[in-house]
Amino acid sequence: MGLFDRFRPKKKSLPQPSVPSQPGANTSLLCFFDRDDLTPEELAEAVTRRYGAGAAGEIDRSHPQLCHLTLTLEGREVLCSLVPAPYPGLDLARVVEYSLFVGDTEQQPLIGHRTFCLLTEIGGGSTLAGKRAVCLTLTRLCGALMDLPGAAGTWVMGADLLLGPNAYRNYAALTEENWQDPEFFAPVLWVRIGGYQDEDGAGRIYTHGLGDFGFPELEFYKPTEEWAHSYEKLYLMSLLQITGKEVYRDKDSIAFAPGKLSVFKQDGEKLVVIGGI
């Protein structure tokens with residue numbers, strides 16, 4: 001039995017749409033910088049090094065407090081907005097405490113960042129294949145920007161996911177090597193996994209970000225193994241759905257190991273996995 005086979009539901013229903021609901025058509029990332037002298041020309045140079053001449057369009061300085069750069073990347077238009085100020089409304093001092101992908105030495109530059117860059121692709125993610133392609137494009141773009149001096153980290157808006165520059169560069173490098181492989185995707189860059197204990201003391205481990213791809217979020221209820229193993233399973237299950245290999249649905253069953261059967265139960269906008277975990 002292959003690794004992916006272990007995460008395929010045992011119960012197969014009649015053919016259904018590949019995605020339970022439409023993915024979010026628009027996709028956005030925030031890049032943070034611990035400097036206030038970053039220029040749009042530097043951004044354009046970084047984009048040109050990664051994508052070649054013609055990728056970076058004209059710079060719009062019509063707004064007194066920010067500037068815009070329109071990028072054409074792999075046939076997609078991406079708007080890059082550069083703002084020399086901290087990003088408002090996001091308590092990074094709290095978020096870094098729970099991030100799995102921010103190193104100790106990366107925390108303060110993130111918390112005290114002085115510039116942010118908003119990357120937005122509009123409309124291209126309305127199908128699962130389109131959403132996946134847009135995410136790969138934005139990953140490669142953000143990876144190029146994380147190579148700039150003063151890069152402090154990235155915030156994935158559809159998953160409330162924070163990554164430090166080192167982690168992002170590592171996964172972006174993998175994406176750069178494999179982005180043309182239809183089976184490749186780095187879910188750690190687009191899906192956040194967290195855990196907590198409810199009022200009854202029951203452990204719960206969940207995803208946040210699958211909803212942006214059109215899938216219910218997944219949750220493990222009362223996992224009995226090490227949480228790291230549950231995180232790995234949820235990343236793999238996310239990968240299988242995002243790459244179009246699987247769709248998990250209410251009342252399906254799945255076996256993570258011989259003799260250990262788990263059942264999916266719909267609970268609002270999430271699918272809860274019960275038993276065998």
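Trainee: In which helix is leucine 92 found?

Mentor: Leucine 92 belongs to helix H2, residues 92–98. Helices are DSSP runs of H or I with at least four residues, strands are runs of E with at least two, and both are numbered from the N terminus. The model is a predicted one, in which local features need pLDDT of at least 70 and side-chain atom pairs count only at pLDDT 80 or more, while totals for chains, interfaces and linings use all residues. Residues are numbered from 1 along each chain as its sequence is written, and side-chain values use heavy atoms, with hydrogens and water left out.

Trainee: Why is leucine 92 called buried?

Mentor: Buried means under 20% relative accessible area, exposed means over 50%, and partly exposed lies in between, with a 1.4 Å probe and protein chains only. Leucine 92 has 4% relative accessibility, so the term buried applies.

Trainee: What does leucine 92 touch, apart from residues up to four places away in sequence?

Mentor: Contact means heavy atoms within 4.5 Å. By that rule, leucine 92 touches Phe32, Leu110, Ile111, His113 and Leu162. Leucine 110 is 18 residues from leucine 92 in sequence, and their C-alpha atoms are 7.1 Å apart in space.

Trainee: Is serine 28 buried or exposed, and how do you know?

Mentor: Serine 28 has 19% relative accessibility and therefore counts as buried. It is found in strand S1, residues 27–33. Beyond its neighbours within four places in sequence, serine 28 is in contact with Leu118, Leu119, Thr120 and Met157.

Trainee: What makes the link between the side chains of serine 28 and threonine 120 a polar contact?

Mentor: A polar contact is a pair of N or O atoms within 3.5 Å; within protein, one must be able to donate a hydrogen and the other to accept it, and residues adjacent in sequence count only if both atoms are side-chain atoms. The contact between these two side chains is 3.3 Å.

Trainee: How do you know that the span of helix H1 agrees with its number of residues?

Mentor: The expected span is 1.5 Å times one less than the number of residues. For the 12 residues of H1, residues 40–51, this gives 16 Å, and the end C-alpha atoms are 16 Å apart, so the two values agree.

Trainee: Which residues of H1 are buried, and why are they said to be on the same side?

Mentor: The buried residues of H1 are Pro40, Leu43, Ala44, Ala46, Val47 and Tyr51. Their arc, taken from the directions from the helix axis to the C-beta atoms, is only 160°, so they are on the same side of H1. These buried residues pack against strands S2 (56–60), S3 (67–73), S4 (76–83) and S5 (115–121) and against helix H4 (128–145). After H1 comes glycine 52, with a positive phi near 95°.

Trainee: Why are S2 and S7 called edge strands?

Mentor: Two strands pair if DSSP finds at least two bridges between them. The open sheet of 7 strands has the order S2-S3-S4-S5-S1-S6-S7, with antiparallel pairing. S2 and S7 each have a single partner strand, so one side of each has no neighbour in the sheet.

Trainee: How many bridges join S6 to S7?

Mentor: S6 and S7 run antiparallel and are joined by 3 bridges.

Trainee: Why are glutamate 74 and aspartate 160 called partly exposed?

Mentor: Glutamate 74 has a relative accessible area of 30%, so it falls in the partly exposed class. Aspartate 160, with 34% relative accessibility, therefore also counts as partly exposed. Glutamate 74 is in the loop between S3 and S4, and its phi is positive, near 55°, though it is not a glycine. Aspartate 160 is in the loop between strand S6 (151–156) and strand S7 (161–163); its phi is about 50°, positive in a residue that is not a glycine.
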